[in-house]
Amino acid sequence: MTDYKPMWGKPFYEKIYPTNSIIMACNTRIGKGVVKGILQAAKDTDSPIIFELAKSESDLQGGYTGLTPAKYGKFVADVAAEVQYSNYIIHGDHIKVGKPEDIPGVKELISAQIEAGYTSFAIDASFLYDESGTNDKEHLSGNINATSEVTHFIEEKLGHKNFGLEVEVGEIGKKDPKTGLVMTTVSEATTFIESLKDHDVHPHFLAIANGSVHGFQYDKHGNPIRQEGIDIQLTSDIGHAIKPFGVKIAQHGITGTPLDIIAKKFPKDVIGKGNVGTNWMTVAWDVLKIFEPELFETIFKWTNDNYQKSGIPINETFLKYSKLAILEHFDELYAVNETTEHALASAAYTSALMFLKAFNSYGQAKNL
Ligand SMILES: [Zn+2]
């Protein structure tokens, strides 16, 4: 009998590693229909796939999606069994250690994720950047220590090292008031990975600050614009510097990046994982606008009533803050009828095909 539980991260990533392809990681804040469409697209194209939620999206209280790790793990595994596809991972995205005192809470969250069947984890201690340090190692020491401690906790908890591991250097989207977006340097990336190896920590993916931002960016009318800010040369340089350590880059903040740029310009020999989040939410909103107009209107109004600021276009407010309406309308979103669910799955399916093709994922699950 085939088991449709998520696969273990380490062997999964190691088998995909030699291919020039990016594994798509989907932050499906609204799971209904969407997870099914993505899994069906992955199955039909033999693509490896990751489902993930960040700590802000899913924590022990449910985060802003209303999904605790237990709920999310069960939801995804149930859909995988329905679709009959097993080449997937459930990953804890941005398990944030903002300060050392966060570590006990992080361990509690990870324990719940393990219990829920998660097989891969992203420890994000990039915020622990020590400005007072005089070299990369000193700047990064807080991050190195926190990342190591949490990784060893996962090993002990699981009793093995078969899990997937993503780590983060350089806070994504961090801005310097004078110079703009702060970028990770090659030396920071290699120092970080080497230091982790000294602590017997062996990540599969490294998230870097390379010019991407989470979610959309907007023009003055509040319309999303093409995100072309990812520094491809820097990404490639860092990627080639860390590749000898068996580490590839996890590219965050892909929503908004034109697919043709991903298809043609992303260095797929060094980018191994691509996170797509906001896209799945807008796919759901577009469907609900037509299939559940009353519910959509309620959500639109709730978002604007709570977050509209003068001078900001209404559609920008909606795209930025509607994620916070999911928890508020959780029951209605998960109770939509079969017709709506089918439309959600179909829209997610088409969108997933586009990303999987641009990521060169087609056929790569044959390696698993
Ligand atoms: Zn991210």
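These are my notebook entries on a few spots I looked up in this predicted model.

**Ground rules.** I count residues from 1 along each chain as its sequence is written. Since the model is predicted, I take local features only at pLDDT of at least 70 and side-chain atom pairs only at pLDDT 80 or more, while totals for chains, interfaces and linings use all residues. Helices (H or I, at least four residues) and strands (E, at least two) are DSSP runs, numbered from the N terminus.

**Entry 1: strand β3.** I started with β3, residues 88-96. Is this strand enclosed or open? Nine of its nine residues are buried, so the rest of the structure largely encloses it. Buried here means 20 or more other C-beta atoms within 10 Å of the residue's own, with C-beta atoms placed from the backbone; exposed means 12 or fewer, and partly exposed lies in between.

**Entry 2: its partners.** I then checked what β3 pairs with (two strands pair if DSSP finds at least two bridges between them). On β2 (residues 49-54) I found six bridges to β3, and the two run parallel. One pair I looked up is I50, opposite I89 in β3. With β4 (residues 120-124), β3 pairs over four bridges, again in the parallel sense. There, H91 has S120 of β4 as its bridge partner.

**Entry 3: the crossovers.** From β3 the chain goes through helix α4 (residues 103-115) to β4, a right-handed β-α-β crossover. Right-handed means that, with the strands pointing away from the viewer, the path from the first strand over the helix to the second runs clockwise. I also traced β2, helix α3 (residues 69-83) and β3, which make a right-handed β-α-β unit.

**Entry 4: the core.** The largest nonpolar core has 98 residues, and M24, I38, L39, Y88, L206 and A348 touch the most other members. Such a core is a set of buried Ala, Val, Leu, Ile, Met, Phe, Trp, Tyr and Cys residues joined through C-beta atoms within 7 Å. Helix α14 (residues 338-358) gives it the largest share, eleven residues. Beyond four places in sequence, I38 contacts C26, I49, A348 and A352 (contact: C-beta atoms, placed from the backbone, within 7 Å).

**Entry 5: helix α14.** Its 21 residues reach 30 Å from first C-alpha to last, close to the 30 Å expected, which is 1.5 Å times one less than the number of residues. Just after α14, N360 takes a positive phi of about 60 degrees.

**Entry 6: T278.** I found T278 in helix α9 (residues 278-291). T278 is buried because 21 other C-beta atoms lie within 10 Å. Leaving aside neighbours within four places in sequence, T278 contacts G215, F216 and T255.

Methods:
Two residues are in contact if their C-beta atoms, placed from the backbone, lie within 7 Å.
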